[in-house]
Structures are given as structure tokens and as C-alpha cells.
Amino acid sequence: MALSCVVGLTSCNKKVTLDTDQKKASYAIGSQLGKNLKDAKVDYDPDVLVQAMKDIKEGKPEALSQEEAMKAMQNLQQTAQKKQAETAEENKKKGDEFLAKNKTNANVKTTESGLQYVVEKEGTGKTPTDTDEVKVHYVGTLIDGTKFDSSVDRGQPAEFPVNGVIKGWTEALKLMKEGSKYKLTIPSDLAYGPMARPGIPPNSVLQFDVELLEVKKAQASAAPDLGAAHGKATAKPAKKK
């Protein structure tokens with residue numbers, strides 16, 4: 001019963017009281033498991049999941065053979081892949097339509113690659129190269145306005161190599177000067193393409209409000225310090241967040 005509530009379900013009538021370290025640790029485990037399953041977009045039955053965990057803990061025989069379990073997992077994976085492919089196709093169509101319309105808006109500039117951007121403030125400092133690192137503040141959203149990442153919300157600028165992020169970011173950064181603020185609209189093929197990321201569906205056009213705070217020489221030991229949504233660390237490194 002406690003575990004069922006822990007996994008994030010509302011089917012429990014009994015409220016869990018986290019009054020011991022064991023219960024708190026159990027809640028933490030369930031919370032992390034729930035987040036992992038949600039991020040992976042796994043279609044699961046929480047009540048059955050909890051029952052399986054209870055059976056294992058109590059030493060009861062497993063209800064499925066290894067062969068049955070493997071077959072079920074394969075079928076579930078195939079269904080998920082089919083659904084993702086359909087979502088990717090739909091998002092590609094919506095993204096292309098959005099890009100075509102956005103391209104005609106005032107002050108929008110479009111590069112040869114298809115990157116779209118608006119200069120909201122032009123800086124006067126240095127322009128980074130592929131071998132530099134940068135410190136930036138940014139807010140990332142989908143074209144419907146859903147926010148998926150924000151260094152501003154975290155209250156901590158991100159620092160990473162110019163060539164350590166998604167293609168759209170790398171290209172845009174090399175157009176900016178320190179102190180600049182740009183609004184980027186990045187086609188899916190310059191972002192994550194058909195690969196989904198936490199908070200980012202496949203073939204999503206991404207928009208970023210970016211402020212370039214500082215350009216620094218790259219350090220051999222430096223690693224991308226970005227949120228998980230936009231780099232190459234997850235694609236190439238970071239949040240190609």
C-alpha cells in the first residue's frame with residue numbers, strides 16, 4: 001500500500017506517513033523510479049508494478065516466466081517505438097509549418113542551414129569561436145510555449161564549449177558578441193532530430209532566449225555544464241538543455 005502511493009498513484013486511501021528513515025528512503029526510491037519511468041515514457045500499470053515488488057520482497061514465486069516477461073517487454077517496446085515514430089512525423093509537419101510562418105515575421109533572420117534568430121540586443125564584446133567556451137543564460141521552450149529548460153530559473157549561468165552543444169546553438173553562438181541577447185528558433189535537424197529527450201518530443205523545433213555573458217578560452221579539463229535538454233552531453237554533449 002505504501003509503495004503504491006510512493007510510485008505516485010492516487011489509488012491509495014491510506015495516507016502514507018513518512019515518520020521513519022525506512023519510509024523516507026522507500027519514498028525516495030519510489031520517487032526516483034517514477035521519474036525514470038515517466039522520462040522514459042514507459043506505459044506501465046502501477047498497481048501491477050507494486051505487486052511485483054511486494055512478491056519479490058516477500059519471496060513469492062514470480063507470476064511470469066522469463067520468456068513471458070521478455071515477450072511482453074518486446075511488445076511494449078515495439079508499441080512505444082511505433083507511437084514515437086508517429087509523433088515524430090506529426091511534429092515534423094507542425095515544425096515545418098511553424099518555421100515557414102516564423103520566417104516571415106519582422107526582424108527574423110534565417111541562415112543557410114535554416115537557423116532562425118532575432119537580435120534583441122547586440123553586444124559589443126568578443127565573438128566566440130569553436131575552440132572557446134561560453135557562459136550564457138538561456139530559457140528553452142517548445143513552439144507551443146512549453147518550457148523545458150532554463151538556466152535563469154536555476155539562477156546559475158551555464159558554461160560549456162561552443163562546439164559541445166547542438167548544431168543550432170553552435171552556429172548561433174558564433175554570430176553573437178558578449179552582451180548579446182538573441183531569440184533562436186532551431187529546426188529539429190539542428191537540434192535532436194527524431195530522438196526524444198526529457199521534455200522534448202521527437203522532431204521538435206526548439207526556441208531559446210539566449211544571453212551571451214562571457215567568452216572564455218577553452219580548458220582541457222572543462223566539461224559541459226548545461227541542463228539536460230539541449231546539449232551534446234546528451235546528444236553530442238549537452239544538453240548538446
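1. In this predicted model, helix H3 is followed by Gly-59, a residue whose phi is positive, near 75 degrees. The helix itself runs over residues 46–57 and has 12 residues, and the distance from its first C-alpha to its last is 17 Å, close to the 16 Å expected at 1.5 Å a residue.

2. Within the helix, the buried residues are Pro-46, Val-50 and Asp-55.

3. Helix H2 (residues 21–39) can be checked in a similar way: its 19 residues should span 27 Å at 1.5 Å a residue, and its end C-alpha atoms are 27 Å apart, which agrees. After H2 comes Lys-41, whose phi is positive, near 55 degrees.

4. Which residues of H2 are buried? They are Gly-30, Gly-34 and Leu-37, and because these buried residues fall within an arc of 65 degrees when seen down the axis of H2, they line one face of the helix. The face of H2 turned away from the buried side carries Asp-21 and Ile-29, which are exposed.

5. The largest nonpolar core holds 28 residues, and those touching the most other members are Val-136, Trp-169, Leu-173, Ile-186, Leu-206 and Phe-208. At least two residues of this core come from each of strand E3 (132–142), strand E5 (158–161), helix H6 (167–173), strand E6 (181–186) and strand E7 (206–217), and E7 gives the most, with five residues. In soluble globular proteins, nonpolar side chains tend to be buried together.

6. The side chain of Asn-203 reaches the backbone oxygen of Ala-88 at 3.0 Å. Leaving aside neighbours within four places in sequence, Asn-203 is in contact with Ala-88, Glu-89, Asn-91, Lys-92, Ser-188, Gly-193 and Pro-194.

Definitions and conventions
Residues numbered from 1 in each chain as written. Predicted model: local features only at pLDDT ≥ 70, side-chain atom pairs only at ≥ 80, totals over all residues. Heavy atoms only, no water. Helix = DSSP H or I, 4+ residues; strand = E, 2+ residues; numbered from the N terminus. Expected span 1.5 Å × (residues − 1). Buried < 20%, exposed > 50% of the residue type's maximum accessible area, 1.4 Å probe, protein only. Core = buried A, V, L, I, M, F, W, Y, C linked by side-chain atoms within 4.5 Å. Arc of directions from axis to C-beta. Polar contact = N/O pair within 3.5 Å; in protein donor to acceptor, adjacent residues only side chain to side chain. Contact = heavy atoms within 4.5 Å.
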